[in-house]
Amino acid sequence: MKIAILGAGMSGLSCAITLEKHGIIPTIFEKRNCVGDRFVNAEAMFSLLDRPIKDSLQFLSKNYDIHLKPISAVNKLVVHSKKQIGSIDGKIGYTNVRGRYENSYECQLEKQLITKINFNSTCEYEEVCKNFDYVILATGDGEYASHLGNYKCDLTCTIRGVTVEGKFVTDIPHVWFNYDVIPKGYAWAIPFSEKEANLVIAYPDYPDNIKLDINTIWEKFYNLACKDLNQEFKITDKFEITKYMMGICNIPKIDNTYFVGNCFGVLSPGLGFGQFASILTGIYSAYDICGIGKYEELVKPLFKNYNHSLVLRKFLESLKDNDLDFAIKNLDNKLIDKIIDMICSTDSKVNFLEGVTPLMKLWNNYKNIKD
Ligand SMILES: Cc1cc2nc3c(=O)[nH]c(=O)nc-3n(C[C@H](O)[C@H](O)[C@H](O)COP(=O)(O)OP(=O)(O)OC[C@H]3O[C@@H](n4cnc5c(N)ncnc54)[C@H](O)[C@@H]3O)c2cc1C
């Protein structure tokens with residue numbers, strides 16, 4: 001059986017590792033020079049959003065023999081709005097690094113692999129289709145799925161980020177919902193050591209936003225982050241992504257082609273998380289090939305998650321800065337704190353996003369916002 005995997009990122013490598021565990025050696029094509037050959041970026045995996053799974057990393061390790069070592073557990077998430085600061089306390093999840101970093105998740109995955117990767121690949125889908133029995137599309141965006149008429153793009157985003165040197169508490173990331181500064185978007189600071197962190201802004205490319213100057217948005221946010229984190233930073237690296245697609249495929253598999261990771265549409269449009277589901281789609285596609293499970297069935301919950309997350313995005317976008325201030329202020333209300341503690345605790349099975357989706361839908365309907 002000849003299997004081609006296009007893309008050696010989170011989903012492609014997870015697929016390859018799983019195939020190997022079942023005695024199948026795939027051929028992996030990666031267009032870049034090496035695994036993780038891109039900007040360094042700190043990311044997060046919040047188990048809270050993956051319920052009923054209690055701990056995403058333990059889950060991957062126990063169930064699929066895929067082992068990832070995070071930078072840190074997240075014990076507190078500080079949330080900033082225009083006028084308020086609140087926090088979500090508890091074991092929320094983990095932070096990790098991606099890209100050109102020796103222990104980035106993709107580098108950790110590569111170490112769990114036996115197969116050699118074909119780097120600097122220029123192989124196109126049409127070509128591998130002719131020469132392989134199965135093709136796994138794991139190229140990290142919806143381009144291929146779009147060309148095959150199998151992708152619904154709900155929005156695109158502009159993302160700009162920097163790596164900074166400063167003083168950080170590794171288990172405390174920060175997030176900003178301040179529409180005055182980042183219209184309908186958000187920003188975050190994720191430390192990846194006590195001395196380094198990423199500061200990133202992301203906002204949707206809606207007509208009103210396209211008119212805005214990214215340099216002005218960035219300056220405003222950067223000054224705000226310096227003020228809120230009470231320090232001046234030294235910028236050591238930069239990146240910018242335009243038209244980052246958030247969408248989902250119509251069907252996860254066409255003939256013998258599997259869409260995995262962002263090619264499938266794992267990226268949650270609400271908050272931009274996609275790592276955990278990328279790994280799952282990689283594993284599930286391998287399971288299908290090995291005859292252990294049906295891909296279409298296994299990914300059903302991911303379609304559901306995507307739709308819930310889209311409702312969350314519309315809901316967040318409908319709020320004004322004073323609504324956000326009100327919500328953030330109440331994060332530190334004792335009763336709400338208790339409820340959040342209950343939901344965040346590792347014993348909780350509450351699927352937070354699924355639970356609040358009907359309420360957000362009601363609100364969106366009331367505000368006349370289409371799903
Ligand atoms: C700035 C930013 C911040 C993010 N933050 C978070 C976060 O905090 N938490 C979270 O869960 N998710 C986050 N995400 C989303 C997450 O990174 C993605 O969902 C995840 O990496 C997708 O995995 P993938 O396997 O689809 O793609 P990737 O891991 O990106 O891998 C794709 C690979 O395919 C290769 N490739 C591309 N085209 C070809 C080709 N034609 N042939 C061969 N190889 C090719 C690429 O070089 C790359 O190595 C973030 C994304 C961005 C951009």
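This is a predicted model: local features need pLDDT of at least 70, side-chain atom pairs count only at pLDDT 80 or more; totals for chains, interfaces and linings use all residues.
Which strand pairs with β8 in the antiparallel sense over nine bridges? The partner is strand β11, residues 196-204.

Residues are numbered from 1 along each chain as its sequence is written, and side-chain values use heavy atoms, with hydrogens and water left out.

**Stop 1: strand β8**

Select residues 151-165, which form β8. Strands here are DSSP runs of E with at least two residues, and helices are runs of H or I with at least four, numbered from the N terminus. Two strands pair if DSSP finds at least two bridges between them. Besides β11, strand β8 is joined to β12 by 13 bridges, also running antiparallel. Now select glutamate 165: opposite this residue stand lysine 234 in β12 and glutamate 196 in β11.

**Stop 2: the open sheet**

Next, display the six strands β6-β2-β1-β7-β14-β13, given in their order across an open sheet with mixed pairing. At the edges, β6 (117-118) and β13 (253-254) each pair on one side only. Within the sheet, select β7 (residues 134-137) and β14 (residues 257-259), which run parallel and are joined by three bridges. Valine 135 has threonine 257 of β14 as its bridge partner.

**Stop 3: the ligand**

Finally, select the ligand and the 29 residues around it, of which Ser11, Glu30, Ala44, Asn262 and Gly274 come nearest; a residue belongs here if one of its heavy atoms lies within 4 Å. Polar contacts are pairs of N or O atoms within 3.5 Å. An N or O atom in the side chain of serine 11 is 2.6 Å from a ligand oxygen, and one in the side chain of serine 278 is 3.1 Å from a ligand oxygen. At glycine 272, a backbone N or O atom lies 3.5 Å from a ligand nitrogen. Elements giving two or more residues to the shell are α1 (10-21), β3 (41-46), β12 (234-249) and α8 (275-290).

Methods
A polar contact is a pair of N or O atoms within 3.5 Å; within protein, one must be able to donate a hydrogen and the other to accept it, and residues adjacent in sequence count only if both atoms are side-chain atoms.
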